[in-house]
Amino acid sequence: MHLRVFNSKKPIKTNSKTILITGDGKSLMSDMKEFLSWEIPHDAGCIGRSVNVYPGPTDHWFNVDACESVWWAKNLLGIPRNGNGILRHTMGDIDGFDVDWEIVDQWAIITDDDIWHGSTSLFAAMCAVAMDYERIVLAGCPMDQKGHWYLENSTGPRWTVESFMAWLEFAKQPDSEKVRSMSGYTSQIVGLADKEWLYERPG
C-alpha cells in the first residue's frame, strides 16, 4: 500500500532529506532530546499536541482523524518555517487542512469500512515516504499503552489488532527501510533509529 496526494491547497516543500516525526506518546520528550542531541539537519512533522513542544520550525502537521480535529487544525500552534505555513495533512477534503492524501493498492488485511488502520504515526511515515524523504525518524510514537506525555498519570491508547497488522504489512515494503523509530513497538517493527543509521542513509 502507498499514499499519493489527491489534492493540495498549497505547494508541498521539503528542506532536507531527513524528517523527524513527533507523536504524543509518553516517550516523546526523551526521544526528541536524544535525536536533537545528534544535531542532524532535518525537517519536522508533528502529530497532535507534540507541535506545541517541538522547539524549532515545523514543516508539517499530520492528523488522520481530521473530522475530529478541524478546530485544532484551524488554530494550530507551532513555528512555521516560512511563509508557506505549516502544511496540515489528512485524508479527505476537510476544512482547515491543506493536503488530502488517498490510498493506492489497499492491503488485503483491510476488510472493513474504516478508512485507516495503523495510527497517525503510520500515516505520517507513509506521507513522508511519498514526499521523498530518505530518512524518517519517529519520536514519541511507541504504539504502547503508557499514555501521553502531556498527562502525568495517563494510560492507553488501547491499540487494535488491525493497527499492529497495518504496521507489520508496512514493514514488509521496501520503502519501510527509510523509517525507524526511537522507542517502543514501532522500533521493534521497523527498527531502532540511531545516529549511525542516519549517517548511512543516502542524501
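Q: Where in this predicted model is Asp132 found?
A: Asp132 is found in the loop between H3 and S9.

Q: What makes the phi of Asp132 worth noting?
A: Most residues other than glycine have a negative phi. Asp132 is a residue other than glycine, yet its phi is positive, near 70°.

Q: Why is Glu39 called exposed?
A: A residue is exposed when its relative accessible area is over 50%. Glu39 has 69% relative accessibility, and therefore counts as exposed.

Q: How do you know whether Thr155 is buried or exposed?
A: The cut-off for an exposed residue is over 50%. Thr155 has a relative accessible area of 68%, so Thr155 is exposed. This residue is found in the loop between S9 and H4.

Q: Which residues does Thr155 touch, not counting those up to four places away in sequence?
A: Thr155 touches Gln145, Lys146 and Gly147. The C-alpha atoms of Thr155 and Ile94 are separated by 30 Å, and these two residues are 61 residues apart along the chain.

Q: Why are Cys127 and Cys141 called buried?
A: Buried means under 20% relative accessible area. Cys127 is at 0% and so counts as buried; Cys141 is at 5% and therefore counts as buried.

Q: Why is H3 described as largely enclosed by the rest of the structure?
A: Of the 11 residues of H3, 10 are buried, so this helix is largely enclosed by the rest of the structure. The buried residues of H3 include Leu122, Phe123, Met126 and Cys127.

Q: How do you know that the buried residues of H4 line one face of the helix?
A: In helix H4 (residues 161-171), the buried residues are Ser163, Ala166, Trp167 and Phe170. Seen down the axis of H4, they fall within an arc of 95°, so they line one face of the helix.

Q: What do the buried residues of H4 pack against?
A: They pack against helix H3 (120-130), strand S9 (135-139), strand S10 (179-181) and helix H5 (184-190).

Q: How many cavities of 30 Å³ or more are found, and what volume has the largest cavity?
A: A search of the whole structure finds 3 cavities of 30 Å³ or more. The largest cavity holds about 70 Å³ of space. Its lining includes Lys13, His60, Arg81 and Leu87, and the lining residues divide into 1 nonpolar, 6 polar and 3 charged.

Q: What is known of the second largest cavity?
A: The second largest cavity has a volume of about 60 Å³. Among its lining residues are Lys9, Ile94, Phe97 and Val99. The lining divides into 3 nonpolar, 3 polar and 4 charged residues.

Technical notes. Residues numbered from 1 in each chain as written. Predicted model: local features only at pLDDT ≥ 70, side-chain atom pairs only at ≥ 80, totals over all residues. Heavy atoms only, no water. 1 Å grid on protein atoms, 1.4 Å probe; cavity = no way out; pocket = protein on both sides within 12 Å on 5 of 7 lines; lining within 4 Å. Points joined across faces, edges and corners; volume = space filled by probe spheres on them. Nonpolar A, V, L, I, M, F, W, Y, C, P; charged D, E, K, R; others polar. Buried < 20%, exposed > 50% of the residue type's maximum accessible area, 1.4 Å probe, protein only. Helix = DSSP H or I, 4+ residues; strand = E, 2+ residues; numbered from the N terminus. Arc of directions from axis to C-beta. Contact = heavy atoms within 4.5 Å.
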